[in-house]
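The sequence and the model are shown here, and the account follows below.

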Amino acid sequence: MVKTYSKHVPAAAFGLVCSSSSNSQYDGKFAYVPALEDVLVWDVKKGTMVAMWHEISHIAEVTAILQSPKKGMFAVGYADGSIRLWNSSNNTVISTFNGHKKSVTALAFDDQGTRLASGSQDTDLILWDVVAEAGLFRLRGHRDQITAIRFITHADLPSTSTASASGVLLTSSKDTFLKLWDLSTQHCIQTVVAHRSEVWTIDVNSKQDLVFTGSSEGEMKAWRIDNNALANGLQETESGEVSRIIHPLSFLPLASRHRVSQVTFHPSQPFLAVQSHDRSVEIFRIRSEEEVRKKQARRKKREREKKLKVKVKSQDESELDEVSQNDEDIKLVDLFTPYLVVRASGKIRSFDFGGDVTLNRPFQIMTALASNAIEVYSIPQPTKSKDIPDAVRSFSVDLAGHRTDVRTLSLSSDDEILASASNETIQAHTATVWSLHVRADQQALVSGSADKDVKFWEFERKIAAGESAPKMTLVHTRTLKMTDEVLAVRYSPNRIFLAVSLLDSTVKVFYQDSLKFFLSLYGHKLPVLSMDISHDSKLIVTCSADKNVKIWGLDFGDCHKSIFAHDESVMQVAFEKDSHYFWTVGKDKLLKYWDGDKFEHIQNLRGHHGEIWALALSHNGKFVVTGSRDKSIRVWDRDEADQIFLEEERERELEMVYENGIADSLNRSEAAIGSMDGAPVNSSAQAEMTSVSKQTTETLMAGERIMEAIDLADKERAIFQAYDDDMAKLPDDSPMRFQPPPRNQLLAQLDKTPDEYVLWVIEKVRSTALHDALLVLPFGMVVSLMEYLNSWAQKDLNIPLVSQIISFLLKTHHHQIVTNRVMRSSLIPLRKHLRAALQRQKDVLGYNLAALQYIRRQNDADRTAQFYEDEGIDEEKVRARIAEGRKRKRVDIRA
């Protein structure tokens, strides 16, 4: 009989407030922060977690978060290059975009929230259509990671203009460049060498005429956007040069010279926030030109009064007036003046303003710390007082997790309470304490330290003076001197042996009562970091920094098996209770399950995003707990309903590797289409604009399902076509006529014809993955699909989908189609039927549009009559008031 093993699955992850892998967002009430592969929503006032955005089986880390102008929608970028649109009201994924090959590092929505731009470590810039859930195009030109993206609209275009409103994109990168992209022509129209080092951040003011950039050298530059040149397009000047849109202005001095990580304008208040230090955010007040000139006039008046007090001559006064007149030019430092500095309690990963606030009311700024905490500060509005304002910490969320790495875990005897430690101090040794272990009878404790001592302790309950309840204390009883630093100590369950791991890569076994030497286990090439002894005290398993796990017999000290267990150092090992199955964790971020009797690898469990330091097993064997450098604690439950067969598990792992390898080979940007040798192509010959495509396991499987459906439908049609041909040759009363062949069982069960079945399969493919799935089809399948498209157009089935598919296929396979005469017989009827179907769709849309216009006219008439009756004024005045309410005005608000 084939042996089976229990399967373990991820159950829970906790201990995280905020991870440092991404920026965070704040809307004034809720903080949307990354938590490794999840997004957590915190109510900062109550300090409670409101929601967790988690997608099952997706383990890539969150690298970017952005709130959409559309209420309740967020775009989240991940380390695997995918982007998910989340609905914050029901915590579900709206759509998924796959186009980047590396981590998404920058996101930007346009003003309406209908387009999304994304930048990545793969240096590509992709524009997505949020409504159609498809990628529009990919822009290439940067040579390093894209760090920031901003949409810039043509501010000078009137609201009634019919000109192209595609706008432009402004991007920054670690290649020191600023690039301006015209979305209508889909090309770069200006490249600016912004800094001498990496550009980490940019932001544009509300008028979209001023840009600030920050570099890794601590420089912050201001740039002017020429909106006239932007509206007129690229034109030649009198000197023959092409007009520039971005012009340098000046530097803005900062309080520190560290890397400028983030620059953000307040959405409604005249303030600018700059993070150029690990623990602080500098707030600048934005003054209007009118305020600056009033301030200059006051300064000039004070200088004149000061001169008059010392009785200066009129000649000197005229000189003073001339000097003051020369100083009236407004500089950048006059418009942006330092206001205050927000100092956080830890290293700041990102910050965000708390949404729109009313004038003269304090506004909030949220800081997400790298130490697993969130802090919200309240910033007062400027007053006429000369007192220096100060930011006040209003809320803080930091109780739910450790500030540093989780180093050790322990479960209570009933598996109900978990204790974790990250940075503790024990005054028991003269050097670092590396290991502790409690004896099986719960009466004694042993500790091992870098001071080369193994110390033995006993638990005692003592009643202190003035207290009635006894307290547990430790009493030192014995000390065992070793020849090298002690890394791990372990009692055997039968309380006979004590195993001690030393820095010299050996394990010494002693009798724990007399401390006499029993065995020496040597064979590891690097120090043993952890070990455990089985419940029957017959086996001892050791794990080492040499990436190996060794299983030893405690009777003679022989090595039963040496296993290459992890790709990095193996940090912890532990036996399951009452069995020889054991678990290991390592720096390769994996948790592994092993059979110690047959030396079989049972299961890999992935989920952590940092080195796993700690491991704890439940006493009933139902779950496992791990702690990691990513500050998270994860629980892995045993699935009672599912079992593991080793052969199937190995086949599944090999299939996953094979599918990922196929996807990676198809996504090679340096390989020509159809090539398998991977010869690099000259980077200068790459197109600046390309289509958006990325093959994943999902798209490959979707393509295979479409191919299987087309193949099944073709066979079914061929069988019935042959039957019809045979019957057509016979007269109706011929005795040779026979019953039609039986239908395919799947089609009969679904009660669908072959062409309806193919449409049903394609409709189940997500719209964002449809184009990539169609790329998998060989051209022979494309020819068959054209026939089904004709049938769907003739039956008026899902015409929008039919139009999308035929448009994509014609673009992709244009050369093969125009050179293939067979396609003519399919395309001519398809054109006829599709045009007729689209005309019917157009008629329906036109009818609905006319109905909506009629409803609007009726509504206007009702409003006019209501105003006329309520106000008791002339009808012309009422119409003028309604027309005035419709006009869109541009209002400049100045503090």
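## Salt bridges

A salt bridge is taken here as a side-chain nitrogen of Lys or Arg within 4 Å of a carboxyl oxygen of Asp or Glu. By this criterion, a search of the whole structure finds 24 salt bridges. The model is a predicted one, in which local features need pLDDT of at least 70 and side-chain atom pairs count only at pLDDT 80 or more, while totals for chains, interfaces and linings use all residues. Residues are numbered from 1 along each chain as its sequence is written, and side-chain values use heavy atoms, with hydrogens and water left out.

One of the salt bridges joins the side chains of arginine 196 and glutamate 217, at 3.6 Å from N to O. This pair links distant parts of the chain, 21 residues apart: arginine 196 is in the loop between strand 17 (187-193) and strand 18 (199-204), and glutamate 217 is in the loop between strand 19 (210-215) and strand 20 (220-225). Helices (H or I, at least four residues) and strands (E, at least two) are DSSP runs numbered from the N terminus. Residues are called buried under 20% relative accessible area, exposed over 50% and partly exposed in between (1.4 Å probe, protein chains only). Arginine 196 counts as exposed at 68% relative accessibility, whereas glutamate 217, at 35%, is partly exposed.

## Pairs in the helices

Within helix 5, the side chains of glutamate 649 and arginine 652 form a salt bridge of 2.7 Å, N to O. About one helical turn separates glutamate 649 from arginine 652, because they are three residues apart in helix 5. Glutamate 649 is buried, at 8% relative accessibility, while arginine 652 is partly exposed, with a relative accessible area of 40%.

A further salt bridge, of 3.5 Å from N to O, connects the side chains of aspartate 796 and arginine 840. Aspartate 796 lies in the loop between helix 10 (779-795) and helix 11 (799-812) and arginine 840 lies in helix 13 (residues 822-871), so this pair ties together parts that are 44 residues apart in sequence. Aspartate 796 is partly exposed at 34% relative accessibility, and arginine 840 is partly exposed at 37%.

## Surface patches

Patches are made of residues with over 30% relative accessible area and no salt bridge, like charges being joined within 9 Å and nonpolar side chains (Val, Leu, Ile, Met, Phe, Trp, Tyr) within 5 Å. Accessible areas come from the Shrake-Rupley method with a 1.4 Å probe, and for residues only the protein chains shown count as cover. A nonpolar surface patch of about 340 Å² is made by Leu852, Tyr854 and Ile855. Of these residues, leucine 852 lies in helix 13 and is exposed, with a relative accessible area of 54%.
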